[in-house]
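Keep the viewer open as you read.

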Amino acid sequence: MSENIIFNLIDKLEAENSLSRDEWRTLIRGISVETMEYAAKKARAVADKIYGKDIFIRE
């Protein structure tokens, strides 16, 4: 399976916030260290955009 397909699915997930059942299967079955790192960077960027980088202490 081409890593390019996996990168495209990660990009699609970021853009559309959803994948079809078959796309999820392809993503899960084709994940590699490189694509996992790519997905983690994308997820971190989304989390930073939503929550920011501030640290809050709960009491």
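Helices themselves are DSSP runs (H or I, at least four residues), numbered from the N terminus. What you have on screen is a predicted model, in which local features need pLDDT of at least 70 and side-chain atom pairs count only at pLDDT 80 or more, while totals for chains, interfaces and linings use all residues. Residues are numbered from 1 along each chain as its sequence is written, and side-chain values use heavy atoms, with hydrogens and water left out.

Start with helix 1 and helix 3, whose axes come within 10 Å and cross at roughly 15 degrees. Angles under 35 degrees count as roughly parallel, over 145 as roughly antiparallel, 65 to 115 as roughly perpendicular and the rest as oblique. Helix 1 and helix 3 are therefore roughly parallel to each other. The way helix 1 passes helix 3 is a right-handed crossing; handedness is read by looking at the near helix, which is turned from the far one by less than a right angle, anticlockwise for left-handed and clockwise for right-handed.

In the loop between helix 1 and helix 2 you'll find Asn17, which has a positive phi of about 60 degrees although it is not a glycine. Asn17 is exposed, at a relative accessible area of 66% (buried means under 20%, exposed over 50%, and partly exposed in between, with a 1.4 Å probe and protein chains only).

On to the charges. How many salt bridges does the structure hold? There are six, each being a side-chain nitrogen of Lys or Arg within 4 Å of a carboxyl oxygen of Asp or Glu. One of them pairs Lys42 with Glu14, the closest N and O atoms being 2.8 Å apart. Lys42 lies in helix 3 (residues 33-51) and Glu14 in helix 1 (residues 3-16), so this pair ties together parts that are 28 residues apart in sequence. Both ends are partly exposed: Lys42 has a relative accessible area of 22%, and Glu14 comes in at 34%.

Arg25 and Asp22 make another salt bridge, at 3.0 Å from N to O. Both lie in helix 2 (residues 21-30), three residues apart, about one turn of the helix. Arg25 is partly exposed at 38% relative accessibility, whereas Asp22 is exposed at 52%. A further bridge joins the side chains of Asp48 and Lys53 (3.1 Å, N to O), and Lys53 is exposed with a relative accessible area of 69%. Salt bridges that share partners also join Asp11, Glu14 and Lys42 into one network.

Finish with the nonpolar surface. Val46, Ile50 and Tyr51 make a nonpolar patch of about 340 Å². Patches are made of residues with over 30% relative accessible area and no salt bridge, with like charges joined within 9 Å and nonpolar side chains (Val, Leu, Ile, Met, Phe, Trp, Tyr) within 5 Å; accessible areas come from the Shrake-Rupley method with a 1.4 Å probe, and for residues only the protein chains shown count as cover.

Notes
Helices (H or I, at least four residues) and strands (E, at least two) are DSSP runs, numbered from the N terminus. Axes are lines fitted to C-alpha atoms, for helices over the stretch in contact, and angles run from 0 to 180 degrees between N-to-C directions.
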